[in-house]
Amino acid sequence: MGSPSPLTLATSALVVWCVYETSPGDFPTMPGWPLLGNLLDLFDPTFPERLHKYESPVRIKAPIFPKDAIAFDEPAVIKAFMLQSPTVFAFSSLLIPKEAMVVSSGRFHRRLHMISGQALSKNSVNAHVAGVSALADRALEELCVASESGEVDPVPFLQKYAFDVDSFPEFRTWIVGLDVARLPAFLWGDAVAKALKAQVVIEQTCLDVVRLRKANNQLSSSDGLALFLKANAVEAESFSDEEVSVNIFGLMAGGFHTVSQTLGSIVHCLLHEVGQSDLDRVKADIQAANTDEEMASIESLNALIKESMRVFPMSHWIPRLALEDFILKGVVVPKGTILIPVRHRGHLRENAQEFQISRFMGADSYDKVSPLEFLPFGYGERSCPGMHVARLEMALLVGKLVGGKYVLHPGRDKTVFSFFPFHTARPSIRLERF
């Protein structure tokens, strides 16, 4: 049998295109490419803007989904979905244990989330301002030393600030494997196998620490592990030592990429996005603060951080898998459907292309007036339990960077922008002591 003619191929492609654009269903379908569907759309930073032009929810097709996914961005729909719909993270991984909070569900997940929230509450985190401040000083000083030899990529230093991987080499091996595991299996090489071996070491180390703390009754400390263990001890259905160790590891891993990559994007904004008047205002407010605690709560400083997160949201969407049938805007969505709540609508604000810290200041602050349009830490029982740790880490490091002790210079290399798996900016810099 001969090969099909170009005309036949073109006709087939047109038919597929038409099927994608006009496929029947209770929700409209976003037009896509033959075979690829909306795959390129999903990994494009303008996807939320294009989605908003359609009547939400919208059906999405892509080879990474076994069947149509459903995407939506209406705040009221997102709130109802996050509060009422039982779901789990849609993409499993060999490197994420089934006991981990990110892939757990039901009562098990709710209990984990509650205990983690107690252990990492705002009050418990604020008890460690001095320790986090010292880590921020170390990270910035190490950046200064490295800059003496030329421009540097700040992200590795910010990663060490978020979690000291130098003292835990298996963790870096695991992170590399986790990133590679997102790719098709034939591209893994030996990275995932090495990561699995590293994971065994990490989980055993965490388990040994948990058991040592309990054996020696070392629960009087105010660190996150001690608070987690104390909260767990009073539960009628307490978690096993193995379950605790897996999730302590998960909490550490969760902040590694998110905090460091977000800080990298903030550094880019300081160099290339923030206006001088805004920068002067933040600097003056920081210099007027008497303590690190006061600095961490400065409105203008936190507004700068939030505006950076609006411009560079870590993830526009996180796919969820429906665990049972449920109703979405009057339509029955069957169990097994992949759902894509797009949690950021900052691109729809007036003058959205301008960097304005005033957007997050005062009584009409964007996150107060429209709280469901700016969800950098998620919402409800799927919110980030480490949000208070992340906020403190970002406020202290950015505050010290802007406060007048250091001078930040752009490097000659251009900023590297990434849109998958995270929407981030990774600048080249030089940092000097003032």
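Five strands form an open sheet with mixed pairing, in the order 1-2-7-4-3. Strands here are DSSP runs (E, at least two residues) and helices are DSSP runs (H or I, at least four), both numbered from the N terminus. Two strands pair if DSSP finds at least two bridges between them. The model is predicted: local features need pLDDT of at least 70, side-chain atom pairs count only at pLDDT 80 or more, and totals for chains, interfaces and linings use all residues. Residues are numbered from 1 along each chain as its sequence is written, and side-chain values use heavy atoms, without hydrogens and water.

The sheet has strand 1 (58–60) and strand 3 (87–89) at its edges, each pairing on one side only. Strand 2 (residues 69–72) pairs with strand 7 (residues 338–341) in the parallel sense, over four bridges. A71 has I340 of strand 7 as its bridge partner.

Two groups of residues describe its sides (buried: under 20% relative accessible area; exposed: over 50%; partly exposed in between; 1.4 Å probe, protein chains only).

| State in helix 13 | Residues |
|---|---|
| Buried | D278, V282, I286 |
| Exposed, on the face turned away from the buried side | Q276, S277, Q287, A288 |

D278, V282 and I286 are buried. They cover an arc of only 70° around the axis (from the directions of the axis to the C-beta atoms), so they lie on the same side of helix 13. Cover for the buried residues of helix 13 includes helix 14 (292–296), helix 15 (299–311) and helix 17 (387–402).

Definitions and conventions. Contact = heavy atoms within 4.5 Å.
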